[in-house]
Amino acid sequence: AHTSTAEIAEAAGVAEGSIFYHFGSKSKLLDSLGAVYAHEKVAAMARGETDLSKLEPGIMIERAFAYCEAHGMGEAQVGLDQDNPELQPFIEVNREIVVGFISKVMAASMPPESPAYADIEIAASLAYAAVTDALCHVFARPDPLDRDAVLRETIRFVRAACGYDAGTKAIQHEKPDG
């Protein structure tokens with residue numbers, strides 16, 4: 001926070017003009033860092049699995065928790081508080097990339113003719129929000145909640161919200177009546 005591009009360039013051992021040449025602005029630099037963080041987190045969630053239908057929410061959430069435990073939350077990596085407006089570019093690109101990945105995983109788990117298929121983007125966005133909130137409660141608060149309890153409840157909640165049967169990896173495709 002409150003770090004100038006000149007200070008960033010000095011710490012990186014490059015000329016300040018290099019930052020503007022490669023990124024255009026401090027905001028675009030944070031955007032790029034958010035993309036790197038998101039792609040690393042997605043890679044950790046996928047862990048080399050190419051059949052996305054095998055990546056049900058419990059597996060991905062456990063891996064997201066492990067990634068944040070090992071590497072920290074994104075804002076900690078760039079040295080900004082979660083509420084700092086300078087962090088917005090980082091947060092936005094991170095969200096876009098991770099929600100896109102979750103959407104692909106969900107699409108791989110259900111046939112396109114399923115009524116729930118049309119709502120994948122909404123479900124993926126809400127799942128992202130729930131998991132991000134859970135990660136913040138465990139890794140970004142001065143008084144963190146119990147990791148295992150938060151992980152367990154987050155998995156239960158997201159599985160139910162996304163239509164996954166708790167006893168299997170199969171997705172339920174029926175929409176509620178009404």
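## Pockets, salt bridges and a loop in a predicted model

The second largest pocket has a volume of about 160 Å³. Its lining consists of 14 residues, and those closest to the centre are Glu75, Ile91, Asn94, Tyr128 and Thr132. Two or more lining residues come from each of α3, α5, α6 and α7. Helix α7 gives the most to this pocket, with four residues. By class, the lining of the second largest pocket holds eight nonpolar, four polar and two charged residues.

The structure described here is a predicted model, so confidence comes next. The mean pLDDT of the chain is 85, and 91% of the residues reach 70 or more. Where pLDDT is low, the predicted coordinates should not be read in detail.

The structure holds one cavity of 30 Å³ or more. The volume of the largest cavity is about 210 Å³. This largest cavity is lined by 20 residues, and Met45, Met60, Ile61, Ile102 and Val131 lie nearest its centre. Helices α3, α4, α6 (88-108) and α7 (120-139) each supply at least two residues of that lining. As the largest contributor to the lining of the largest cavity, α7 provides five residues. The class composition of this lining is 17 nonpolar residues, one polar and two charged.

The phi of Arg47 is near 45 degrees, a positive value in a residue other than glycine. Most residues other than glycine have a negative phi. Arg47 has a relative accessible area of 57%, and because this is over 50% the residue counts as exposed. Leu52 is found in the loop between α3 and α4 as well. Not counting residues up to four places away in sequence, Leu52 touches Phe101, Lys104, Val105 and Ala108. From the C-alpha atom of Leu52 to that of His71, 19 residues along the chain, the separation is 24 Å.

The charged side chains form another set of links. A search of the whole structure finds six salt bridges. One of them joins the side chains of Lys26 and Glu86, with an N to O distance of 2.9 Å. Lys26 lies in helix α3 and Glu86 in the loop between α5 and α6, so this pair ties together parts that are 60 residues apart in sequence. Which of the two partners is buried, and which is partly exposed? Lys26 counts as buried because its relative accessibility of 19% is under 20%. Glu86, in contrast, is partly exposed, with a relative accessible area of 29%.

A second salt bridge is formed by Glu69 and Arg147, whose closest N and O atoms are 3.1 Å apart. This pair links distant parts of the chain, with Glu69 in helix α4 and Arg147 in helix α8 (residues 147-161), 78 residues apart. Both partners are partly exposed: Glu69 has a relative accessible area of 46%, and Arg147 has one of 21%.

Glu153 pairs with Arg156, the closest N and O atoms being 2.5 Å apart. Why are these two residues separated by about one helical turn? The reason is that Glu153 and Arg156 are three residues apart in helix α8. Glu153 is partly exposed, at a relative accessible area of 40%, and Arg156 is partly exposed at 46%. Elsewhere, salt bridges that share partners join Glu69, Arg147 and Asp148 into one network.

Technical notes
Residues numbered from 1 in each chain as written. Predicted model: local features only at pLDDT ≥ 70, side-chain atom pairs only at ≥ 80, totals over all residues. Heavy atoms only, no water. Buried < 20%, exposed > 50% of the residue type's maximum accessible area, 1.4 Å probe, protein only. Contact = heavy atoms within 4.5 Å. 1 Å grid on protein atoms, 1.4 Å probe; cavity = no way out; pocket = protein on both sides within 12 Å on 5 of 7 lines; lining within 4 Å. Points joined across faces, edges and corners; volume = space filled by probe spheres on them. Nonpolar A, V, L, I, M, F, W, Y, C, P; charged D, E, K, R; others polar. pLDDT = per-residue confidence, 0-100. Salt bridge = Lys/Arg side-chain N within 4 Å of Asp/Glu carboxyl O.
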